[in-house]
Amino acid sequence: MNTQKSKRHYAWTIVACCILTSFTTSVIGVSLTNFISPVVADFGIEVHQLTLTSSIQCAVMALLYPVAGKLLNTDKLRYLVPGFLLLMLLGMFLMGSYHSVFGFYISGVMIGAGSAFTQFLALPLIINMWFKEKTGTALGIVVSCGNAFGILFNLLSAQLIVSLGWRNAYHILPIIPLVIAIPYIVLHLKRPEDVGCLPYGAEKAESVRVNKSLDNTWGLTRKQAFVMPMLYLAWCTCLCYSVGSSVPTYTAAFTTMELGKTIQFGSVAASVYSVGAVVGGYLLGRVNDRFGVRAGMLWGAGFMTLGMVGMMGAIQNSAILLPVCFLTGLGGLNMYSVQAPLVARTVVGDKHYSEIWSILMMGNSMIAAFTVAPIGGIYDATGSFRGAFFIGIGTFVAALVFGNLALSMSKAYRTKAEKDGN
C-alpha cells in the first residue's frame, strides 16, 4: 500500500500499546512497596510474611509462561493482554479489603496469572514481533516509560496512604489505568498480519541478510537449544538478573525501616531510583543497539556495584542515599526487563526465540519465587539489608561472566554452522 509509506509505521502504535501496558503494570508494581510498612504494622506480621505475596506471583507466572508463550503469538493477543490486565487490577483492588495476610496471597495468584500474559514475557515478545531493527531501542523506550510511571505511582501511593489510609489507596490506584490505558490497548493491540504490514525494518533486514551482513532468519530450534551448554549459560545470566534486580525493589523499605525515614521520604528514594531507571532503560537499549549485548551487561554490573556499595554507605551517611538510588536505577530492574531477553535472543537466534524465551522465563520467575521473600527475610534475621546488597552485586557480576561465555560459544557455533553451510 502506498499510503503505508507516508504514514507512521504501525509498530510505533504497538509501542504506545506496550507503554500503556507498562502504565498499568506500574500501578501493580507499587502494591508491595510503600505499602509494606503500614500493612506489616496493621496486621502485626513480619516483612517476609507479606512479601511472600511476591513469591506467589512469581510462581504462578512461571507455571503459566509456556501457555502464554504459545497464545501470545496467535490472534488471541488482542484479547489476552487487556483481559489479564483487568485481572491484575482486580487483584490489587481487593488488597484493600483483606484483614489477613492470606488474602494477599489470593491476590498474588491473580496478579501472577495476569503478569504471565502482560509483563516480562509479553512485552519482549510483542516488540520482537513488530521490530526487526531498533529492537533494543523500542524495548528500552517501553521499559523507561514504565519506570517513569513507577515514579508517579510511588509518589501518589505514598500520598494516598498518608492522607486516606492504605486500604483506600489500594482501592483508588487501580481505577486510574482502567480509565486511561485499557481502552486504547483493546482498540489497537494487534499482530503485523492483523494489520497487513511487515514488522519495522523487515525490508531492510532482508536486504542486509542477502548481503550476509546480518541474518535475522538464523536461530536454534528448541530441541537444539536445550542440549547446548550456551543456552544454559544464557539462562544462568537471566536467572542472575532475576534474583539481583529484586534487591533494589526494597529501596522504600530500606529507607523507612533501616534508615528510620518517613514513608514519604521512602517514596522519594524509590522515585529517584525510578528516575535512574527511566534514564537507564532508554540508554541501555541504545547501548545494546550501538555496541552490542556485552556492553549492556557491563553497564548493568557497573551501576549495580556502584549502587549497592553506595546503599551500604548510606547506612552511615544517609545524605548520599538519593544520588545512590539514581545510580542503582541506571542498572537495576532494566537488566531483567531489557538485557535478559536481548542476551537470550542473541544466543539462540531470532527464528524460534519466542518459543525458547517462554521456557526460560519459567525458570526466571520460579527462582524469583524462592528468593524475593528470603531477601526480605535478611532484614528480619539481621536487622539490616546489607546482606541483600551483597547479593545484588554478586548476581550481576556473575551474570556478566555467564553472559560473555554464552555469547562467545554462540558466536563460535554460528560461525561454524555458516561455514558448514557453505
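Residues are numbered from 1 along each chain as its sequence is written, and side-chain values rest on heavy atoms, with hydrogens and water left out. As the model is predicted, local features need pLDDT of at least 70 and side-chain atom pairs count only at pLDDT 80 or more, whereas totals for chains, interfaces and linings use all residues.

The average pLDDT (the predictor's confidence in each residue, from 0 to 100) is 86 for the protein, and 94% of the residues score at least 70. Residues 1–6 have a pLDDT below 50, and this stretch has 1 contact in the model beyond near neighbours in sequence; contact means heavy atoms within 4.5 Å. The pLDDT is also below 50 over residues 208–216, a stretch with 11 contacts beyond near neighbours in sequence.

Helices and strands are DSSP runs (H or I, at least four residues, for helices; E, at least two, for strands), numbered from the N terminus. The expected span of a helix is 1.5 Å times one less than its number of residues. Helix α4 (residues 47–71) has 25 residues and reaches 36 Å from its first C-alpha to its last, close to the expected 36 Å. A kink of about 50° is located at Tyr65 in α4, shortly before Pro66; the bend at a residue is the angle between axes fitted to the seven residues ending there and the seven starting there. Helix α6 (residues 101–116), with 16 residues, reaches 23 Å, close to the expected 22 Å. Of the 16 residues of α6, 13 are buried, so this helix is largely enclosed by the rest of the structure. Buried means under 20% relative accessible area, exposed over 50%, and partly exposed in between (1.4 Å probe, protein chains only).

The largest nonpolar core has 136 residues. Such a core is a set of buried Ala, Val, Leu, Ile, Met, Phe, Trp, Tyr and Cys residues joined through side-chain atoms within 4.5 Å. Helix α2 (residues 10–29) gives the most to this core, with 11 residues. Leu72 is among the residues with the most contacts inside the core, as are Phe104 and Trp357. Beyond four places in sequence, the contacts of Leu72 include Leu77, Val81, Phe117 and Met129.

Helix α8 (residues 135–164) contains Thr137. The helix has 30 residues and reaches 42 Å from its first C-alpha to its last, close to the expected 44 Å. Just after α8, Gly165 takes a positive phi of about 95°. Thr137 counts as buried at 9% relative accessibility, and its contacts beyond four places in sequence are Tyr282, Gly285, Arg286 and Asp289.

Thr237, in helix α15 (residues 229–244), is buried, with a relative accessible area of 0%. A polar atom of the Thr237 side chain lies 3.0 Å from the backbone nitrogen of Gly403. Residues up to four places away in sequence aside, Thr237 touches Met297, Val343, Ala399, Phe402 and Gly403.

Helix α22 (residues 386–421) holds Ser410, and Leu405 is also placed in α22. Ser410 is buried at 4% relative accessibility, whereas Leu405 is partly exposed, with a relative accessible area of 44%. The C-alpha atoms of Ser410 and Met230 are separated by 6.4 Å, although these residues are 180 apart along the chain. Beyond four places in sequence, Ser410 is in contact with Trp218, Met230, Thr346 and Val347. For Leu405 and Leu233, 172 residues apart along the chain, the C-alpha separation is 7.0 Å.

Note on methods: Polar contact = N/O pair within 3.5 Å; in protein donor to acceptor, adjacent residues only side chain to side chain.
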